[in-house]
Amino acid sequence: MLSQPDHSPLSRRGFLAASAAAGTLLGLALGPARAAGTRPRPFGRYGSPVARRDPRTLYVHPGGAGDFTTVRDAVAAASGSGHTLVIAPGVYRQTVAVDPGRTEMTWIGASEDPCDVVIVYDNAAGTPKPGGGTHGTTGSATTTVQADGFTARWITFANDWLRADHPGTTGTQAVALKVQGDRSAFHHCRFLGHQDTLYADSMALGTFARQYFTHCYAEGDVDFVFGRATAVFDRCHFRTLSRTDLAGAPYGFVFAPSTAGANPLGYLVTRSRVSSEAPDGYYKLARPWVPSSDPTARPMLTVRETRLGPGIDAVVPYANMSDSRPWQNQRFAEYRNTGPGAVVHVPENRPQLSRAQARAHTRETYLGDWRPYA
């Protein structure tokens, strides 16, 4: 049954608590149960500072039981390539950046439950910076990953900035994760925010960064999965949120790709689902983003074998971000989707792939010789 919108604004603490509870209810991967009477190990099966897996493994614990108490300090110490951060349960309120030189880095949530390890901050695009000006969309990111070969498992990336707390602020984009590196993989992770939650991008227009998200959960309202990466979302769950600041539909858009025109592959959503806490039909599936920095962009989104819940407007599932760049001129397509949000009411509003065309839209073709799913 469709849940009705909750018109009481959540506090930052309530936002995280509610999201954590939702993650448990939605069946995200949990770690193994601990037998009664056994002593908890903050780093699970991944060693400890006194039983280090290898010299390039660093341990993060908010209470001091690791090498570092913050993820940011651990990243700063992990210069070069090939480091692993094992992160103990905790809420890490900080911004973190992985620069291009820190390649092949892995972050592991030690409990193997993404609800336990939360990296969160509350900057928005319109938040003032200490030295003047505002952060902008990119600067609002809680976590920024620019290095190639990055992998995260069982981590929550969150931005808990809320419109209700800042009614006079324009620039309400608030990114939880911006990832730009090639061969970036996220397994059993959560991405929590409202507008512009997950920024799947690349370092430059001519760089076609490949990214893979599997068994992940992302929630938000406006364009909350966006950017120009070649990104595969495999068996993921996208959830649209209710809003208290709008009187009617649409509340927002799940996807806003900005694929470079020269890139043959954009976003692929496969074997996934889209649910909503908003009223039926209050969300569009996508709109194309043609940014001013790349007027030649041709956004690309393929959604296949995915369940679209009643929150998606099945009659008009796509919209324009700019009328000068109509979605019909971009690269949007669907294949064998199910659910009430996937019913084809107006065929010209729902471009469908043929079986032969669908063979070119798989995780294997999008990711090429990189196989993070193997």
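In the predicted model, Gly90 stands opposite Val117 of strand β6. The two strands concerned, β3 and β6 (residues 117-121), are paired in the parallel sense through four bridges; pairing requires that DSSP find at least two bridges between two strands. Strands (E, at least two residues) and helices (H or I, at least four) are DSSP runs numbered from the N terminus.

Local features require pLDDT of at least 70 and side-chain atom pairs count only at pLDDT 80 or more, whereas totals for chains, interfaces and linings use all residues. Residues are numbered from 1 along each chain as its sequence is written, and side-chain values use heavy atoms, with hydrogens and water left out.

Val50 lies in the loop between α1 (12-25) and β1 (57-60). Its C-alpha is 9.4 Å from that of Gly66, at a sequence separation of 16 residues. Val50 is classed as exposed because its relative accessibility is 82%, where exposed denotes over 50% relative accessible area, buried under 20%, and partly exposed the range in between (1.4 Å probe, protein chains only).

Zero disulfides were found in a search of the whole structure, a disulfide being a pair of cysteine sulfur atoms within 2.5 Å. For Cys189, the nearest cysteine sulfur belongs to Cys216, at 5.0 Å. For Cys216, the nearest is that of Cys236, at 4.7 Å. Cys189 is buried, with a relative accessible area of 0%, and Cys216 is likewise buried, at 3%.
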